[in-house]
Amino acid sequence: MRTFLALAGTVTALTVAVAVPASADAGTVLTTGAVGGTAVAVGDTLTAPLAAGTSATLYSSATGTSGVTCKASQFTAQVTGNPAAPGAATESVTGHTFDSSTCTSNVTGVLGVNGITVDHLPYTASVASDGTLSVAPASGSTIQTTVKLRTLLGSVTCVYQAPSLTGKADNADNSITFTNQQFSKVSGSSLCFASGYFTAKYAPVTDAGAPVFVN
């Protein structure tokens, strides 16, 4: 009887030892302060500017350097779901802006950039525990960007669309990076390149000033 009770006690102790760390490690996909830190609340607003010293670019090819460059841009997203990790948090991208005063173009015949507008907002975004970020438009819509260029012949409007975007989150600097995300021209003059490849790194992503981590 004593042997059975001792065995039962050992099993119970082992069970508790296994269960406690699992409970302690349980957390949400998005946290602030640190990996496994404070859960980001549903409804919170996340913001991020371009990473210091970087630019957002929309080039005419994935390997070229001809197109539009902006030194100031920011996105804003509201958290709509933040489940336990591992999993995927969801967000509503409500704002994505570019400061046209910091934008330039080296396209032949283009004198400057009058404006860049991201259309058809809000978009839906999901961030998986492995850092994969997916951005999609509302059902029946597209991700769309309108670029207004200043030329010798006046203002030219170029409209580009993409079915979705894919990025990567990195906890090392609380960043989100988009690399060569392809857009196709749907309208505009011959000065508007046929395809646009968008690259940008946004950091740090913050929630009320606190850095956001992906778990």
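Q: Is His120 buried, partly exposed or exposed in this predicted model?
A: Buried means under 20% relative accessible area and exposed over 50%, with partly exposed in between (1.4 Å probe, protein chains only). His120 has a relative accessibility of 36%. His120 therefore counts as partly exposed.

Q: What is the phi of His120?
A: Most residues other than glycine have a negative phi. His120 is not a glycine, yet its phi is positive, at about 65°.

Q: Where is His120 placed?
A: Strands are DSSP runs (E, at least two residues), numbered from the N terminus. His120 belongs to the loop between strand 9 (110-119) and strand 10 (123-128).

Q: Is Gln144 buried or exposed?
A: Gln144 lies in strand 12, residues 143-151. Because its relative accessibility is 12%, Gln144 counts as buried.

Q: Which residue has a side chain joined to that of Gln144 by a polar contact?
A: A polar contact is a pair of N or O atoms within 3.5 Å; within protein, one must be able to donate a hydrogen and the other to accept it, and residues adjacent in sequence count only if both atoms are side-chain atoms. At 2.7 Å, the partner of Gln144 is Gln161.

Q: Which residue is joined to Ala85 by a cis peptide bond?
A: Most peptide bonds are trans. Here the bond is cis, with omega about -5°, and the residue joined to Ala85 is Pro86.

A note on conventions: residues are numbered from 1 along each chain as its sequence is written, and side-chain values use heavy atoms, leaving out hydrogens and water. In this predicted model, local features need pLDDT of at least 70, side-chain atom pairs count only at pLDDT 80 or more, and totals for chains, interfaces and linings use all residues.

How values were computed. Helix = DSSP H or I, 4+ residues; strand = E, 2+ residues; numbered from the N terminus.
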